[in-house]
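Here's a quick briefing on one helix and the charged pairs around it. Have a look at the model, then read on.

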Amino acid sequence: MKNITLILILLLNFSCSNHIEQTKNIKSAEYYYNMGKKYSEIQQGSEIESIYYDSALYVNPNYAKVWWETSTWEIKIGNYIKYFEYMDKAVALNPDSYLGWRGVVRLYYLHDYDGALKDFFDLKKLYPNTP
């Protein structure tokens, strides 16, 4: 009986360590982002690029760069609703980097002058000492 218990404990230990090994194979969000950027240089908006960006967001949903990259394709094809959905997430995660971009898109593409001014004033609040 003691041998059977020992064998069961060893089998359990090996099965748990095998499971841990499998979860270590997940790449970082930065890896998927870089792979997506590589395909973006070849053909922006491709399906493989989208898969890499989706994988990066699966690993780290708080990765603002990926939300911004995803939004750039949406603005190019004219899908403003999806653009703002993605860009709003990027701005919420990193406003000092992406708030100005959102304001520029509101100004030049949508002619939403009030929204653009709001974004620019919010950006000015983040950097009060800049001219």
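Which residue does Asp88 form a salt bridge with, and how far apart are the closest N and O atoms? The partner is Arg102, and the closest N and O atoms are 2.8 Å apart. Keep in mind that this is a predicted model. Asp88 sits in helix α5 and Arg102 in helix α6, so the bridge links distant parts of the chain, 14 residues apart.

- The protein chain averages a pLDDT of 82, and 81% of the residues score at least 70.
- Residues 17-22 are another story: pLDDT is below 50 there, and the stretch has zero contacts in the model beyond near neighbours in sequence.

**Helix α5**
- Helix α5 runs over residues 80-93, which makes 14 residues.
- From its first C-alpha to its last, α5 reaches 20 Å, close to the 20 Å expected at 1.5 Å a residue.
- The buried residues of α5 are Tyr83, Phe84, Tyr86, Met87, Ala90 and Val91.
- The cover over those buried residues includes α4 (64-76) and α6 (95-108).

**A pair within α5**
- Glu85 and Lys82 meet through their side chains in a salt bridge, at 3.9 Å from N to O.
- These two are three residues apart in helix α5, which means about one helical turn separates them.
- An α-helix has 3.6 residues a turn, so residues three or four places apart point the same way.

- In the Asp88 pair, Asp88 is partly exposed, with a relative accessible area of 33%, whereas Arg102 is buried at 10%.
- Arg102 also forms a salt bridge with Asp119, where the closest N and O atoms are 2.8 Å apart.
- Because Arg102 lies in helix α6 and Asp119 in helix α7 (residues 113-126), this bridge ties together parts that are 17 residues apart in sequence.
- Here the two partners, Arg102 and Asp119, are both buried.

**The wider count**
- Across the whole structure, a search finds seven salt bridges; among them are Glu85 with Lys82, Asp88 with Arg102 and Arg102 with Asp119.

Definitions and conventions: Residues numbered from 1 in each chain as written. Predicted model: local features only at pLDDT ≥ 70, side-chain atom pairs only at ≥ 80, totals over all residues. Heavy atoms only, no water. Helix = DSSP H or I, 4+ residues; strand = E, 2+ residues; numbered from the N terminus. Expected span 1.5 Å × (residues − 1). Buried < 20%, exposed > 50% of the residue type's maximum accessible area, 1.4 Å probe, protein only. Contact = heavy atoms within 4.5 Å. pLDDT = per-residue confidence, 0-100. Salt bridge = Lys/Arg side-chain N within 4 Å of Asp/Glu carboxyl O.
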